[in-house]
Amino acid sequence: MLFPNRFPDLLSPDPQMVAALTTAQALTGVTFPTLGVHLNCPISVAAVRNPTSTSPSFAYAGFRDKEMHFSGSLLKVAAMIAAFELRQSAADFAVTEGDCSDGAVFGHLKTAFNTDIQAAAPRFQSEPGITEPMRVPKYPTVFGSPQGLASGGCLMSFNSTFDSNVRGMIVPSNNEQTSATVQALGYSWINGLLAKAGLFDPSANRGIWLAGTFTGAFPAVRVPSVNDGPSAQATTTIDMTRFLALLIEGTTLDARSSDGIVGDMQGLLSDAQTVGDSSFMTTGARPGVNGLGAGFTITHSKIGLGNLMAGGDVASEATVLTHDDSGQQFLVVWQNLKNLNDRHNAMSFMVRRTLLTFLGIP
């Protein structure tokens, strides 16, 4: 199967979480009355219900959560998703291959996949300056030499250079390695995959969108955004949270292939928090930024930071964290925050108050 079936929406609107977010927004407005963080920043928050179950649920609330906003490096997550989904697709295809030589497998992948990949994202076929090599994967650049399996067929894995680029794209958020990753995958695969998976709606230009290389190596292809006009790196908070929910649930992303990808992506986002560019809500990580404060542990994160066309930097992030005493796990995504210490302090305050209110803690 080239594309996964449309992913289920695991987020369930929850009155308790809605009330907690609304209460926290009001308190943030009183505590930081001139900053407007509670009014200007889209945010999504979800609590993980039954996390040890085979089918956890997610108690959800959002504010301006269906708005598209430029979110800079946060959209590198889109290329990460596309990379691992391509590995699954190639693994499923190659399991029936009889000849595991590079030329045979990569040639067959190109023949079997490329027409459907381009059809999945038709916009790119008519975009000025976007050629076919910019649309489709470069299979020898992505994969190492296929290895024969004792049971028949071929084993597919990333080659060492591509694997290093994917890691560098997420953990230190390196732009050159991101560019190499996006160029290797192609715009039509990245965005066709997101559309087929239900994480981007082409009819509304809404969801997770990445059609830029962060270096200008390919021409950018843009969709409307609220905060930055036409943007090549934009998302809604609800769709990014939908992805985090799938990553925590795990079963759906791994179900279509024997090639498990959940652990790999979780590992990258964990390392991004611990050894890379940590969440803006990490206490003590940045001078003048308070963070969430005691009682919470951030386990996974990917931040975004970029310059608006009108000037000024905006921050964003997608984060998984845990309340230490209760063990309750949360997903938090926010964007369009001016990259100023007082704005970060207001956002961390609002998130903390949302989570504590949800937990019934004064």
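Visitor: Why is Arg87 called buried?

Guide: In this predicted model, Arg87 has a relative accessible area of 11%, and since buried means under 20%, the residue counts as buried.

Visitor: What makes the contact of Arg87 with Asp259 a salt bridge?

Guide: The closest N and O atoms of Arg87 and Asp259 are 2.8 Å apart, and because a side-chain nitrogen of Arg within 4 Å of a carboxyl oxygen of Asp is what the term requires, the pair qualifies as a salt bridge. The two residues belong to distant parts of the chain, with Asp259 in the loop between helix 11 (251–255) and helix 12 (262–274) and Arg87 in helix 3, 172 residues apart.

Visitor: Is Asp259 buried or exposed, and how do you know that?

Guide: Asp259 has a relative accessibility of 13%, and the limit for buried is under 20%, so Asp259 counts as buried.

Visitor: Which salt bridge does Arg87 form with Asp264, and why is the pair said to tie parts of the chain together?

Guide: The side chains of Arg87 and Asp264 meet at 2.8 Å, N to O.

Visitor: What makes Arg167 and Asp271 a salt bridge, and where do the two residues lie?

Guide: Their side chains meet at 2.9 Å, N to O, and the cut-off is 4 Å, so the pair is a salt bridge. Arg167 is in helix 7 (residues 160–170) and Asp271 in helix 12, 104 residues apart, and the pair thus links distant parts of the chain. Arg167 is partly exposed at 36% relative accessibility, and Asp271 is partly exposed with a relative accessible area of 25%.

Visitor: How many salt bridges are there, and which residues are linked in a network?

Guide: The count comes to twelve salt bridges, and a network of them links Asp9, Asp239 and Arg242.

Visitor: What makes the position of Arg87 relative to Phe158 a charge over a ring?

Guide: Arg87 lies over the face of Phe158, at 5.1 Å from the ring centre, and the distance limit is 6 Å. The charged end of Lys76 likewise sits over the ring of Phe214, 4.9 Å from its centre.

Visitor: Why is the pair of Phe113 and Tyr139 called edge-to-face?

Guide: The count comes to 13 aromatic pairs. For Phe113 and Tyr139, the ring centres are 6.5 Å apart and the planes stand at 65°; because planes over 60 degrees apart count as edge-to-face, the pair takes that name. Phe113 lies in helix 4 (residues 102–120) and Tyr139 in helix 6 (residues 139–142), so the pair ties together parts that are 26 residues apart in sequence. Phe113 and Tyr139 are buried.

Visitor: Which residues form an aromatic cluster?

Guide: Phe124, Tyr187, Phe200, Trp209 and Phe218 form one aromatic cluster.

Visitor: Which residues touch the most other members of the largest nonpolar core?

Guide: That core has 84 residues, and those touching the most other members are Met80, Phe143, Leu185, Trp189, Leu194 and Phe243. Helix 3 (residues 76–94) gives the most to this core, with eleven residues. Leaving aside residues up to four places away in sequence, Leu185 touches several residues, including Ala79, Leu86, Val136, Phe162 and Ile190. Another core lies apart from it and has 31 residues, among them Ala61, Phe296, Trp334 and Ala346.

Visitor: How do you know that strand 4 and strand 12 pair?

Guide: Two bridges join strand 4 to strand 12 (residues 233–235), and the strands run antiparallel; because at least two bridges are required, the strands count as paired. The open sheet of three strands has the order 4-12-9, and strand 4 (69–70) and strand 9 (209–210) are called edge strands, each pairing on one side only.

Visitor: How many bridges pair strand 13 with strand 14?

Guide: Strand 13 (residues 296–307) and strand 14 (residues 313–323) pair in the antiparallel sense over eleven bridges, with Val320 in strand 14 as the bridge partner of His300. Five residues stand between the strands of this hairpin, in which Gly311 takes a positive phi near 105°.

Terms used. Residues are numbered from 1 along each chain as its sequence is written. This is a predicted model: local features need pLDDT of at least 70, side-chain atom pairs count only at pLDDT 80 or more; totals for chains, interfaces and linings use all residues. Side-chain values use heavy atoms; hydrogens and water are left out. Helices (H or I, at least four residues) and strands (E, at least two) are DSSP runs, numbered from the N terminus. Rings of Phe, Tyr and Trp (its six-membered ring) pair if their centres lie within 6.5 Å; planes under 30 degrees apart count as stacked, over 60 as edge-to-face and the rest as tilted. Buried means under 20% relative accessible area, exposed over 50%, partly exposed in between (1.4 Å probe, protein chains only). A charge sits over a ring if NZ of Lys or CZ of Arg is within 6 Å of the ring centre and within 35 degrees of the ring normal. A nonpolar core is a set of buried Ala, Val, Leu, Ile, Met, Phe, Trp, Tyr and Cys residues joined through side-chain atoms within 4.5 Å. Contact means heavy atoms within 4.5 Å.
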